[in-house]
Amino acid sequence: MPPRGHGTVRVHEARQHRHGRVLMSLPVVVGGGWVVMIVKTEAAILAGGCFWGMQDLLRRIPTVLSTRVGYTGGDVPNPTYDDHGTHAEAIEIVFDPELLSYRQILEFFFRIHDPTTLNRQGADIGTRYRSAIFYLDQTQRRIAEATVSELDNSGLLPGRVVTTVEPAGQFWEAEPEHQAYFERHPERRACNHIRPSTMPACDRPLSQASDPLGFTRM
């Protein structure tokens with residue numbers, strides 16, 4: 001129970017969506033002078049190379065509520081880290097769309113990996129390291145396609161954007177030892193990075209008026 005007094009408490013309640021966790025709004029509950037609001041939230045599923053590094057950066061955005069890494073987009077049921085076929089290493093991000101938009105999530109996503117290298121991020125090579133956006137509904141699809149097109153036509157990158165936009169399938173949560181990996185192993189080198197022009201990006205607005213996608217020419 002909330003402490004006595006008056007105020008508002010924001011509570012998030014999870015419900016299962018067939019493509020991943022989507023948190024839905026519920027009626028306001030009033031009691032003891034407090035208003036408890038169950039806030040509507042949204043999920044995004046992205047792949048951009050090593051999921052350890054992706055999670056380490058995305059989880060630090062203040063308005064991101066939760067993250068988990070896993071496997072999706074492939075052909076093997078019950079995948080594992082050592083055997084996940086053509087699945088990509090992916091991350092599910094749960095956020096409050098009133099505080100952070102899906103477009104802003106995508107802008108940040110494109111700032112922490114290279115979307116121009118096919119099935120590769122640096123020294124990591126293979127389909128597991130591909131760049132992909134897995135949309136949960138048609139609104140997300142339209143936003144993702146528009147963002148990819150805008151970035152591809154911007155001339156800010158050294159090559160064409162190869163990021164795929166795909167319907168989300170089942171998201172298989174990775175083993176516990178892969179969740180929040182760099183939080184538990186800070187001595188290990190992160191495999192993703194924030195582009196130097198945007199540091200410290202997690203503490204700034206995800207869009208900049210002069211450069212809506214947060215890029216500088218490379």
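**View 1. Confidence across the predicted model.** The protein has an average pLDDT of 77, and 68% of the residues score at least 70; pLDDT is the predictor's confidence in each residue, from 0 to 100. Over residues 1-30 the pLDDT is below 50, and this stretch has 76 contacts in the model beyond near neighbours in sequence, a contact meaning heavy atoms within 4.5 Å. The pLDDT is also below 50 over residues 196-218, where 57 contacts occur beyond near neighbours in sequence. Where pLDDT is low, the predicted coordinates should not be read in detail. Because this is a predicted model, local features need pLDDT of at least 70 and side-chain atom pairs count only at pLDDT 80 or more, whereas totals for chains, interfaces and linings use all residues. Residues are numbered from 1 along each chain as its sequence is written, and side-chain values use heavy atoms, with hydrogens and water left out.

View 2. The strands follow the order 12-11-6-8-7-13, and their pairing is mixed. Strands are DSSP runs of E with at least two residues, helices are DSSP runs of H or I with at least four, and both are numbered from the N terminus; two strands pair if DSSP finds at least two bridges between them. Strand 12 (164-167) and strand 13 stand at the edges with a single partner strand each, so one side of each is left without a neighbour in the sheet.

**View 3. Strand 7 and its two partners.** Strand 7 (residues 64-72) is mostly covered, with seven of its nine residues buried; buried means under 20% relative accessible area, exposed over 50%, and partly exposed in between (1.4 Å probe, protein chains only). Eight bridges pair strand 7 with strand 8 (residues 88-95) in the antiparallel sense, and Tyr71 stands opposite Glu89 of strand 8. Strand 7 and strand 13 (residues 172-173) also run antiparallel, joined by two bridges. Glu173 in strand 13 is the bridge partner of Gly70.

**View 4. Helix 1 on the sheet.** Helix 1 (residues 51-58) packs on the sheet and touches strand 6 (42-48), strand 7 and strand 8. The direction of helix 1 makes about 170 degrees with that of strand 7; axes are lines fitted to C-alpha atoms, for helices over the stretch in contact, and angles run from 0 to 180 degrees between N-to-C directions. Eight of the eight residues of helix 1 are buried, so this helix is largely enclosed by the rest of the structure. The buried residues, among them Phe51, Trp52 and Met54, pack against strand 6, strand 7, strand 8, helix 2 and helix 4 (181-184).

View 5. Helix 2 (residues 102-111) lies across strand 6, strand 7, strand 8 and strand 11 (131-135), and runs at about 20 degrees to strand 6. Eight of the 10 residues of helix 2 are buried, so the helix is largely enclosed by the rest of the structure. The buried residues include Tyr102, Glu107, Phe110 and Arg111. Their cover includes helix 1 and helix 3 (138-152), along with strand 6, strand 7, strand 8 and strand 11.

**View 6. Aromatic rings around Phe182.** The structure holds seven aromatic pairs; rings of Phe, Tyr and Trp (its six-membered ring) pair if their centres lie within 6.5 Å, and planes under 30 degrees apart count as stacked, over 60 as edge-to-face and the rest as tilted. Trp52 and Phe182 form an edge-to-face pair, at 6.1 Å centre to centre and with 85 degrees between the planes. This pair links distant parts of the chain, with Trp52 in helix 1 and Phe182 in helix 4, 130 residues apart. The rings of Tyr181 and Phe182 have centres 5.6 Å apart and planes at 80 degrees, so this pair is edge-to-face. Tyr181 counts as buried at 9% relative accessibility, and Phe182 is buried with a relative accessible area of 8%. Ring pairs link Phe51, Trp52, Tyr71, Tyr81, Tyr181 and Phe182 into a cluster.
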